[in-house]
Amino acid sequence: MQAGDEKALAELYDRYTPLVYPVALRILRSPADAEDVVQQAWLQVWKGAAGYDSRRGTVAAWLLTVARTRALDRYRSVASRRRAEEKVDPEPATPPEDPTASATQRQMSDRVRRAMQGLTPQQRQALEIAYFEGLSQSEVAARMQAPLGTVKSWTRQGLTRLRELLPEEEWV
Amino acid sequence: MSEHRDEHLDLCAGYALGSLDAADRQRLEAHLAEGCPECERALADFSGATVVLAASAPQAQPSPALRARVLAAVHGEGGAREGAAPVRGRVIEMRPRRQTVGFAWVWAAAAAALTIATAVSWNAASRLREELASTRGKLVQAQRELDEERRWAAVLNAPDARVTELSMTPAGVAALRARATYDPRTRSAVLSFENVTAPSGKDYQLWALQGAGVASLGLIKADASGRAVLRLENVGDPQTLAGFAVSLEPAGGSPNPAAPTGPVVMAGKFGA
């Protein structure tokens, strides 16, 4: 590999890992598992195995898709192992805020949190359990005891609202 | 053909979020495969919103050792692409770029690819690099074609261009039509013909009328509808070029390269 390529990967890693790693951690709740997944995701991206279509979204969205898929796969295999061992843990608490985050990161993270608070509780919940727990829309509907059509509306309205509250141009 | 409906936008949201049930996903993918600009736009928008949702995960840093591990692992791979596992699961499967026609798409794709390349210094991921190279190739090709069109449009629009409608000679066929535009500055000419489908075993041949003599400008090959447009360089000296003539020759053209042997069916002189 050429030196320039390594430098490019290092830049990419530094730029996007702060976005990708927390998602893996939120899904898996285990730093060791989350790091494994992030490493696998970068390798997969590097090998060009995951196609990228610039019309469908940004590089950030693409990297997130790759990492989230791997994290959910890992989560499901861990969960099925646990079920087999009949040692179902209660859902662990959300990890605390990282004290070493930069001021810019913290500011962005505040804006994101405010945008999330701009959603109705149902919209927020429908998005969060679909995204971070990997539930399909019909599974979300069963969990929230709501009709499938309503979950579809919450999903669309929620994403539309997020986009309005925090347009891409304003991302730091 | 599935027409775009509002319901498709619901599906796009679920698709971007990676939470569509299989049947819905297949329905949307079938719709997208037919090409739907509204849905493509919506997907890009919803995908941006999904990034915001992702960013709402509590901030956390991996151990510094992970960075070294990732770089070392990639180094070990040497950027190899063989045997790489495809993305699984029901989240957005990024689709291969569809074959698309038209310049507008090429420009848009080039702009997008270049923006991304600049934004992330993505020198290395071979997929993007290839995409960029191919986009640049298409762009160069499109630019060349555009330059070519402009060049010939300039002939037609040249202020001192000489124009002539070729008219029938007594030997001609009533339906034949032709118009010639000659730009003396570049010595180039554009000639357009209608109904120049030659009878079987024959060819129409174009001649430049040069002073007292003629010079062959080649055969006129019409398309299926009998039309032909010739774009010719070095048509002749502006001092001596008087006009054009068309003769009907044996297949392959006049046996005498210096003069028509068959009947002259059309001719036109500048300023005549």
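Which cysteine sulfur is closest to that of B:Cys12, and how far away is it? The points below take up this matter and then the fold of chain B.

1. The model is a predicted one, in which local features need pLDDT of at least 70 and side-chain atom pairs count only at pLDDT 80 or more, while totals for chains, interfaces and linings use all residues. Residues are numbered from 1 along each chain as its sequence is written, chains are lettered from A and ligands numbered from 1 in the order in which they are written, and side-chain values use heavy atoms, with hydrogens and water left out.

2. The closest cysteine sulfur to that of B:Cys12 belongs to B:Cys39, at 3.7 Å, which is too far for a bond. For B:Cys39, in turn, the closest cysteine sulfur is that of B:Cys36, at 3.6 Å, again too far for a bond. A disulfide here is a pair of cysteine sulfur atoms within 2.5 Å, and the structure holds zero disulfides over all chains.

3. Both B:Cys12 and B:Cys39 have 0% relative accessibility and count as buried (under 20% relative accessible area, with exposed over 50% and partly exposed in between, using a 1.4 Å probe and protein chains only). Of the 272 residues of chain B, 43% fall in the buried class.

4. Chain B has six helices and eight strands, taken as DSSP runs numbered from the N terminus (helices H or I, at least four residues; strands E, at least two). Along the sequence the pattern is α-α-α-α-α-α-β-β-β-β-β-β-β-β.

5. The eight strands of chain B form an open antiparallel sheet in the order β5-β4-β7-β8-β1-β2-β3-β6, where two strands pair if DSSP finds at least two bridges between them. At the edges stand β5 (213-220) and β6 (228-232) of chain B, each with a single partner strand, so one side of each is left without a neighbour in the sheet.

6. Within this sheet, β1 (residues 162-168) of chain B is joined by five bridges to β2 (residues 177-183) of chain B, running antiparallel, and B:Thr164 stands opposite B:Ala180 in β2(B). Two bridges join β1(B) to β8 (residues 264-269) of chain B, also antiparallel, with B:Met168 opposite B:Met266 in β8(B).

7. Strand β3 (residues 188-194) of chain B is joined to β6(B) by five bridges, and the two run antiparallel; here B:Ser192 has B:Val229 of β6(B) as its bridge partner.
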